[in-house]
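Colleague: Could you help me learn to read a structure, one feature at a time? I would like the general idea and then the case at hand.

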There are 6 protein chains.
Amino acid sequence: MGTVPLLSDDEAAPEARAVFDEIRATRGTDYVNNFWRALAHDPALMRATWDRLKIVMEPGELDPLVKEMIYVAVSTANGCSYCVHSHTSAAKAKGMTPEQHGELLAVIGMAMQTNGLVTGLGVEVDEAFQA
Amino acid sequence: MGTVPLLSDDEAAPEARAVFDEIRATRGTDYVNNFWRALAHDPALMRATWDRLKIVMEPGELDPLVKEMIYVAVSTANGCSYCVHSHTSAAKAKGMTPEQHGELLAVIGMAMQTNGLVTGLGVEVDEAFQA
Amino acid sequence: MGTVPLLSDDEAAPEARAVFDEIRATRGTDYVNNFWRALAHDPALMRATWDRLKIVMEPGELDPLVKEMIYVAVSTANGCSYCVHSHTSAAKAKGMTPEQHGELLAVIGMAMQTNGLVTGLGVEVDEAFQA
Amino acid sequence: MGTVPLLSDDEAAPEARAVFDEIRATRGTDYVNNFWRALAHDPALMRATWDRLKIVMEPGELDPLVKEMIYVAVSTANGCSYCVHSHTSAAKAKGMTPEQHGELLAVIGMAMQTNGLVTGLGVEVDEAFQA
Amino acid sequence: MGTVPLLSDDEAAPEARAVFDEIRATRGTDYVNNFWRALAHDPALMRATWDRLKIVMEPGELDPLVKEMIYVAVSTANGCSYCVHSHTSAAKAKGMTPEQHGELLAVIGMAMQTNGLVTGLGVEVDEAFQA
Amino acid sequence: MGTVPLLSDDEAAPEARAVFDEIRATRGTDYVNNFWRALAHDPALMRATWDRLKIVMEPGELDPLVKEMIYVAVSTANGCSYCVHSHTSAAKAKGMTPEQHGELLAVIGMAMQTNGLVTGLGVEVDEAFQA
């Protein structure tokens, strides 16, 4: 599938190739995944996405593994299979154990379930929960 | 709003009241939030939900605060405002700082954005991401 | 809330008022709910929606109550609170008991949960399930 | 695809194999579908999911075929292709005719459409719909 | 994949074949895409969908290319990969340039992101935005 | 509702107040809407969001009104009522007529409907649609 072809290094514009190189340097691997090869069709959008992603995912008050698990959670709820695969892979690379993966899935499943119950019941937000 | 009325302690069946009491004991507060007062119309569903929630959210390989943030992430992607409010409140009670809240939101926003880009581009999963 | 004002009978165009009258006749009540009063701003869209809704929801191979519960299920997964309220109300008017409502919610919750697990695990469709 | 490999009977832990056996006995077939082979990586999550699924989907106030159609409706709205396939298959096994399948799809399509119209119009819930 | 087999011209009922012919005539191509070959199992649903689609997508106050881009936007947010592919293809056929495609994706990504931030923050609608 | 309180100009940090001022200057109005007053709790996230939003929504290959309508379409599919209200309001300010609003809603409804049909049928992407 694909609504645009994936661009090889040779096919990409210099501005896109520069992002490929930064991705390689940041991750310490020569491999550039399909998402970036598709996004390379629009070097400005690719640059803005990469620059922002680096800042958002770097160590901060939350550690990078926790951030990857949050990323997986959102991607799962949105049904983005590619994103689930890429960020589960990234989480494993950052040390996610099979047991942590199982707990991540259990929390996602629980949240999905109560999201459905709450919406089906039409529950109004408690005043106690309002900031 | 509400597709069922919220049940007070007096209106709830004994099986539902028993869950109210466990919620109070577990949380160390007399307050029982609207979700449980709505779910009390079906004591069996309420009991199954509460029993499972307790197990899923207890400390394990992931700490309870991380679990609450994953819960918020799923609930946000699903657009369940009640769940966002209740689990953001729970996360704060478990020590989430404003800085951590900001990073949680930043990761959610980033994931939503790339979920959209990936789906719009129709990117196929890299073999490297498959287990 | 509302991105357009709700139109009273007097404010609506004759083509929209004609749909109001059909809704009243079909349902045997003078009350016209907010959705139609908002949609009345575009009489052609309103007419197309009403004409199709009547056909889709009439008794067929599935009975009208089952159709209403399917409607509630979709609306819940999509987080459309208005639709959950209006079609839960319609289901009750068609005889949905509190016990059936509880089972409907239990199935919705179960489906939401396994939707999350399946997507998080990236499970591929079994050949056995393909038509 | 898959974020975890599918486990064969030999690769699964005894607790997971026990669930495989219950699935076979309950369904009267030797075939165990991919979802359970993926979930087998976390036998406790697998057990909790299976035990709950059996209770939720058994005959009650709603018949099992209606429950399967509700499951398909939720899975469709959530865009879970695997779940749509597995539960459409289950619904056919429980007697869903092509005509019923067509009506199920028509109601899903209608609900999706009015979910969009209602949200786009920002319609507020009528007092008449509140329990 | 597929929950129903795709129907060839020979396998389809006369009422479905008639829609195939209208699709060919309207689009000026002999090719009929998979969606219609699947939907052909229910000729009445197929007819209602095609008749409505033609009216909704024809030139009006919005030009057909803008309509296709809105269609892609909705389909992306709903995670419907098939729909993203078919309507991106239709948009290209109606003249969407690579630069416009890039801007479409950028707006989709931005909207997804702020959808997440707004829901995570639980922001209430400003009175100024209410009609 | 709200998971954080809205910040007045006096309560906001100088970095957030600077963004308030840019919003006022860009829009030519003194009014700053609730989203920015909530986001002001995290001035860095607020700044990144505002800077990107300005670039994405400025006139380009697509005109600003088309961009607003795409924004409304995504927000509707995601069920973000706040975003639907704010961007419908922005679209009207940029000249969207009631007739264009009606067509926008009709396309959204049509897309939602066929998204559901396609997913329910499990239709595979035609080779002809792949780039």
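Colleague: Why does Asp30(A) count as exposed?

Modeller: A residue is buried if 20 or more other C-beta atoms, placed from the backbone, lie within 10 Å of its own, exposed if 12 or fewer, and partly exposed in between. Asp30(A) has 8 C-beta neighbours inside 10 Å, so Asp30(A) is exposed. Asp30(A) sits in the loop between helix H1 (14-27) and helix H2 (34-39) of chain A; helices are DSSP runs of H or I, at least four residues, numbered from the N terminus. This is a predicted model: local features need pLDDT of at least 70, side-chain atom pairs count only at pLDDT 80 or more, and totals for chains, interfaces and linings use all residues. Residues are numbered from 1 along each chain as its sequence is written, while chains are lettered from A and ligands numbered from 1 in the order in which they are written.

Colleague: How many residues of chain B and chain A take part in their contact?

Modeller: Two residues are in contact if their C-beta atoms lie within 7 Å. Here, 60 residues from chain B meet 60 residues from chain A. H6(B) gives the largest share of chain B's side, 17 residues.

Colleague: Which residues touch the most other members of the largest nonpolar core?

Modeller: In soluble globular proteins, nonpolar side chains tend to be buried together. A nonpolar core is a set of buried Ala, Val, Leu, Ile, Met, Phe, Trp, Tyr and Cys residues joined through C-beta atoms within 7 Å. The largest one has 258 residues, and Ile70(A), Ile70(B), Ile70(C), Ile70(D), Ile70(E) and Ile70(F) touch the most other members. Not counting residues up to four places away in sequence, Ile70(E) touches residues including Met69(F), Ile70(F) and Leu104(F).

Definitions and conventions:
Helices (H or I, at least four residues) and strands (E, at least two) are DSSP runs, numbered from the N terminus.
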